[in-house]
Amino acid sequence: MSDGARKFLVGLVLFLAAGAGIGWLYGHIAWGMLVASLIAVVWQAQRLFSFERALRTGNFETFRVGDGIWEQIFSRFRFESERAARRKKNYGLLLREIRKSTNAMPDGAVILDGNNDIIACNRAAKQLAGLKRKKDRGQRVDNILRDPELTRLLQADDYKSTVEIMSPVIDGEWLNCRVVPYGVDQKLLLLRDITERIRLSKMRRDFVANASHELRSPLTVISGYLDSLADDDSIPSAWEKPVAQMRGQAARMRQILSELLELSRLESAGPSKSEESVDVPALLESSRQAFAGHRNVASVSIDVNSTAELRGNRAEIETVIVNLISNAIRHTPADGEITLSWSSGPDGADLVVADTGEGIDFEHIPRLTERFFRVDKGRGREDGGIGLGLAIVKHVLARHDAVLIITSEAGAGSVFRCHFPADRVAVEPPIPLAGGR
Ligand code: ADP
């Protein structure tokens, strides 16, 4: 029991005893005690009403002094309420600092609930994506930033990938969007302005495309003269070899330029809209035939396990197949084997080119699709390799929502698997049995 409570009890007992004493003097102890109790009750009730008023008005000035139990309750209450006010002020300051720093961030940040409804956003989100802090609160973010890729990213709870979308407010600006988990059943959508990076990569693409285009005409003239020289019997025999070499190098330059132009075209084109039905086994067969005349090459077999057709661009899919077969042939000895296969399942379809050739060291695999990357640069030049084939394959596959998965072991061969998602694959309905009962 606290000092105050003890004093209160002692005071009460003494007061009642005093009432009883006065009653005894008049010969009515019970009346004396009753009157003292009534006075005590009235007095306590008055303090209780004052406390209620103080709580209501927040004015505790009348209880500043004194050491009775009520004063102690009031002063404790005052102390707690002042402490709560101080804390509130500190939290307010902290909140203002956090808001200031999130508003100073150049990247947009949008807090979303599990339903992708907007809870809050910073100033950059407003500037980059036009989100309005109060008006858009509670709205689904994909109803405001309308992009199928972003909707897919939000619905898949994919915390690794990023998507690039056009800014809905500033024409020509690009935003990179990323989702990260946040709090309980919440996520943070981060928006970064990548306009400069997109502009630079477009400049690089345009430069490569323009340079390749401009170099084509002079090269055609040079090749024409070299062809004439090669056919001219009057040139000295000492010139025959140099002319043949120059023709070979000119042909290689023409191939480099045409592959660079093809890459630029693929890079600047979006996803393939072409809805041709591509008969992959037929393409595998015709590509195999195209290489059949070559001497000293490994045997090529075809393994088809599906009647599914691919939805895409036939010419581009043929380029993929030809590039992969050409690579397999160049990197597999004549006694090796190359297998082309086509199969499908519920998660899509796979086009695979596997060989039992020289294979690739593990460390080189992630770099194979880089432009001009060749494991053995010297050899690449000898066998006609440029280092653009797999870059083209990767871009064509990306345009078909597909991925290239490479597995290889040095000395044991390689497997190049092109995986197409289910919505790029049209499975033929089974042919009904004739005369079925
Ligand atoms: P290249 O014109 O040199 O063939 P690619 O982009 O098609 O260019 O291939 C890049 C490199 O990947 C090649 O130089 C080669 O080192 C390696 N490579 C590609 N396919 C195979 C394969 N089937 N077996 C071994 N190495 C391969």
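**Figure 1. Contact of helix 8 with helix 12.** In this predicted model, E259, E262, L263, R265, L266 and E267 of helix 8 meet G389, A391, I392, H395, V396 and R399 of helix 12, where contact means heavy atoms within 4.5 Å. By class, this contact comprises five nonpolar, two polar and five charged residues; Ala, Val, Leu, Ile, Met, Phe, Trp, Tyr, Cys and Pro count as nonpolar, Asp, Glu, Lys and Arg as charged, and the others, Gly among them, as polar. Axes are lines fitted to C-alpha atoms, for helices over the stretch in contact, with angles from 0 to 180 degrees between N-to-C directions. The crossing of helix 8 past helix 12 is left-handed, the term for a near helix turned anticlockwise from the far one by less than a right angle, right-handed being clockwise. Helices (H or I, at least four residues) and strands (E, at least two) are DSSP runs, numbered from the N terminus.

Residues are numbered from 1 along each chain as its sequence is written, and side-chain values use heavy atoms, with hydrogens and water left out. Because the model is predicted, local features need pLDDT of at least 70 and side-chain atom pairs count only at pLDDT 80 or more, whereas totals for chains, interfaces and linings use all residues.

Figure 2. N323 belongs to helix 10. The residue N323 is buried, with a relative accessible area of 15%; buried means under 20%, exposed over 50% and partly exposed in between, for a 1.4 Å probe and protein chains only. Leaving aside residues up to four places away in sequence, N323 touches G389, I392 and V393.

Figure 3. Three strands form an open sheet in the order 6-8-13, with antiparallel pairing; strands pair if DSSP finds at least two bridges between them. Strand 6 (276-278) and strand 13 (425-426) are the edge strands, each pairing on one side only. Three bridges join strand 6 to strand 8 (residues 309-312) in the antiparallel sense, and V278 stands opposite L310 in strand 8. Helix 10 (residues 314-330) lies across strand 6 and strand 8, at about 30° to strand 6.

Figure 4. Strand 1 (residues 108-113) and strand 5 (residues 186-193) run antiparallel, joined by six bridges, with L191 in strand 5 as the bridge partner of G108. Strand 3 and strand 4 pair over five bridges in the antiparallel sense, and M166 has W174 in strand 4 as its bridge partner.

**Figure 5. The hairpin of strand 4 and strand 5.** Eight bridges pair strand 4 (residues 174-182) with strand 5 in the antiparallel sense. V180 stands opposite L188 in strand 5. The hairpin has three residues between its strands, and G183 takes a positive phi near 60°.
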